[in-house]
Amino acid sequence: MGAAPSTPRLGEAGAASPGAAEQMFAALVGDRAYPISSEFWRQLLELPLTQQWPRDRVLQACHAFAQNNYHTKHLAKILIHLVWCLQECTSASSVTSSVYRKAINAAYISSIFLKFIIENAKADNWQELCLDIDKDEKGLEIFPSDQSVEYFLMKGVLNYIGSVDVSPESCYLHHELLNLMLVLMSTQLCSGPSPEPKDVHPFIDAAMLQDSSIVASVVQKLLLNFVRRPQIPSNGSHPVFSDDGGPGVLQRVGSAAANFVLLPYYTFNYFVSASAEGTTSQLADNSLLVLLILIYYRKCISMNESIPTDGVYMSDSNTNVKDAPAFHENPYCKALNNAKDIQFDHADVEGNAQNGPVVSLSFASLFDALGTCLKDESSVLLLYSLVHGNCDFQEYVLVRTDLDTLLMPILEMLYNASRKTSNQIYMLLIILLILSQDSTFNASVHKLVLPSVPWYQERLMHQTSLGSLMVVVLIRTIKYNLSKLRDVYLHTNCLAILANMGPHAHKLSAYASQRLVSLFDMLSRKYAKLAELKNDKALKVTPDQMEADIISDDTSTELHIYTDFLRIVLEIINAILTYALPRNPEVVYAVLHRQEVFQPFKNHPRFNELLENIYTVLDFFNSRMDMQQLDGEWSVDKVLELINKNCRSWRGEGMKMFTQLRFTYEQESHPEEFFIPYAWRLILSRGFSFNPGAINLFPVEIHVDDSPSSEQKV
């Protein structure tokens, strides 16, 4: 009874027969504990894993593993063996295929059982993982006594990801480790939307405690994977597959027709069809997803911890310190925000070299990769993270002369807003708002002329400026929002971008100018309806006065919002006419052509000052038209000719100078409540499945087919 369990034997000469493999996995999930030094672990991890098991058998194995893991501690042991395999992969000058296979198998097998335990955990402190092991056990003499298993694991995995380049030999292992990282960090899915001091996330917390050198190398390598987009070879000739060249553990990666070796349609969706551009890369996509989870994680400082003066994030600077949640500094977020352009050494120019390791890569390559991949929602979130958090990258973007590389995909996605999520639309608009805070950007977009805009269907656009296209698409987004989403925040962002661009308008196209005036007309009609509705309700007597008051208050609030919107549009038109009239004859024409839309608001107390300027312009050009002796009717060309001629003599006499509107972006209080769930939604949308009943991070619609794995019978 007290003897150590014997190691299950493989077939002849160590061959992995189906029966032997079944025996090995039965031992892994069984109730006998194998010492960490047992030969069992080497034999298990050298299996080619060609068996394909149905889901119910895998779930039975997972149940047995989770139940027996309390005393076998097999999860902790296989994770330790994984790190030892990774250390062997990094220390050896030449790595054999058997070493790669052991590491790959350890990562894959670990991810399956880890994910099952995380999905079905009953306690929020993850005791079911049973990561506390007896460090005096034979074979653990080299295990660092001051480290936990989770810290040891994360150090090994992150060190490999950060220090080993992706190559045809290592790409499969990188692939498995990135998938394992997503599983390890998925404990977040089980917590609520607001991080709390009581939250425990053993693996991602351990990742936050790693040395700055590992943190910087990981952020840099994940970014480089995103930029370089390495491909996983799709043929089976790689030596990792099996010694005889047959398909092994990686059969599930290379062949879209194959079932998952251990867990069909349960753990991951490995297969992504190639895009039209041929730029799909599973490694690049998963690298980005892992990076996003790492940079947006927030660890609350518990009540019994002393709050340090630095290394802390406060969620809202305007909130009382006693009430605001305080977070430990996220080293991955800091590393991304401090990333430098490898082609421009700031230390030489500014004389203040960074302390410690710094993420360094080509901003030019990163810029180009983002431009290529922005149709992917996770790439949009990365671009937002960079332009909002990294001043050097934002500055780099603003001085690029080919801004259309980034802006054209953004504008095309806004043009197709009906096919996008509201979160994606927000991110796109916020990126434009951040960029529009810079006057150089606003000037540059009007000078960059586009030969054509093939995706714009309503009319042909030839030789239009990027700035004019931005105006057209932003106004189109406002109109779509008004009819479908009715989101005040979205309206405000669109108008804020237009307001920032207004004073810098240069040769705005006829179409953009017409759209701008028609926007005022559309909003004014909505305003008039609301004002009429408010007056009707004020006159109407209703039995339920309380309900009438509530409806009246709602109407008054909406009326106030549209009053603000109308004023902003008037400010935009006024800014163009005040600061850039000679350069924008088409705007003058559009205002002249639709001058009747301004008449109802001429005496409105919120608008009269701005309209005085608009009417000063109207009076000037109307008088010039009246003085012009003309045979026949006025044509568009003749009016534009007169406007162009008189623009040269325009001196702005009688115009009142108003302070230019300038909108800046500030993150809302508690941004973590938006970004953490948003990042995980992106991961789930990319094929990472998770028991819906275990998700507390955001509301999930549970279908009958999504029966929780905990309900499966053993």
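# Notebook: strands, salt bridges and rings

I began at leucine 450, which lies in strand β5, residues 449–452. I take strands (E, at least two residues) and helices (H or I, at least four) as DSSP runs, numbered from the N terminus. The model is predicted, so local features need pLDDT of at least 70 and side-chain atom pairs count only at pLDDT 80 or more, while totals for chains, interfaces and linings use all residues. Residues are numbered from 1 along each chain as its sequence is written, and side-chain values use heavy atoms, with hydrogens and water left out.

**Entry 1**

Is leucine 450 buried or exposed? I find leucine 450 buried, at a relative accessible area of 5%. My cut-offs: buried is under 20% relative accessible area, exposed is over 50%, and partly exposed is in between (1.4 Å probe, protein chains only).

I then listed what leucine 450 touches, leaving out residues up to four places away in sequence: Asp404, Met408, His462, Gln463, Thr464, Ser465, Leu466 and Leu469. Contact here means heavy atoms within 4.5 Å.

Threonine 464 came next. I place threonine 464 in strand β6, residues 462–465. Threonine 464 is buried, with a relative accessible area of 8%. Neighbours within four places aside, threonine 464 is in contact with Leu448, Val449, Leu450, Val453 and Ser509.

**Entry 2: histidine 201**

Where does histidine 201 sit? I find histidine 201 in the loop between α7 (171–185) and α8 (202–208). Histidine 201 counts as buried, at 4% relative accessibility. Not counting residues up to four places away, histidine 201 touches Thr187, Gln188, Ser191 and Tyr297.

**Entry 3: salt bridges**

How many salt bridges does a search of the whole structure find? I get 24. The criterion is a side-chain nitrogen of Lys or Arg within 4 Å of a carboxyl oxygen of Asp or Glu. Side chains of opposite charge can pair when their charged atoms come close.

I looked up three of these pairs.

- Glutamate 46 meets arginine 42 at 2.8 Å, N to O. Glutamate 46 is partly exposed at 27%, and arginine 42 is partly exposed at 35%.
- Glutamate 329 bridges to lysine 334, with the closest N and O atoms 3.7 Å apart. Glutamate 329 is partly exposed at 31%, and lysine 334 is partly exposed at 40%.
- Lysine 526 meets glutamate 558 at 4.0 Å, N to O. This pair links distant parts of the chain, 32 residues apart: lysine 526 is in helix α22 (residues 510–539) and glutamate 558 in helix α23 (residues 545–579). Lysine 526 is partly exposed at 21%, and glutamate 558 is partly exposed at 23%.

I also noted a network. Salt bridges with shared partners join Arg229, Asp285, Asp376 and Arg686.

**Entry 4: aromatic rings**

The search of the whole structure gives 28 aromatic pairs. Rings of Phe, Tyr and Trp (its six-membered ring) pair if their centres lie within 6.5 Å; planes under 30 degrees apart are stacked, over 60 edge-to-face, and the rest tilted.

I picked tyrosine 426 and tyrosine 489. This pair is edge-to-face, at 5.3 Å centre to centre and 80° between the planes. Tyrosine 426 lies in helix α18 (residues 422–436) and tyrosine 489 in helix α21 (residues 488–501), so the pair ties together parts 63 residues apart in sequence. Tyrosine 426 is buried at 15%, whereas tyrosine 489 is partly exposed at 30%.

Which residues do ring pairs link into a cluster? I list Tyr296, Tyr384, Tyr665, Phe674, Phe675 and Tyr678.

**Entry 5: charges over rings**

My test is NZ of Lys or CZ of Arg within 6 Å of the ring centre and within 35 degrees of the ring normal. The charged end of lysine 115 sits over the ring of phenylalanine 688, 5.9 Å from its centre. Arginine 624 has its charged end over the ring of phenylalanine 620, at 3.9 Å from the centre.

**Entry 6: totals**

I count 27 helices and six strands in the protein. Of the 714 residues, 54% are buried. Among contacts between residues at least 6 apart in sequence, 75% join residues at least 24 apart. The accessible surface comes to about 32100 Å², and 50% of this belongs to carbon and sulfur atoms. Areas come from the Shrake-Rupley method with a 1.4 Å probe; for residues, only the protein chains shown count as cover.
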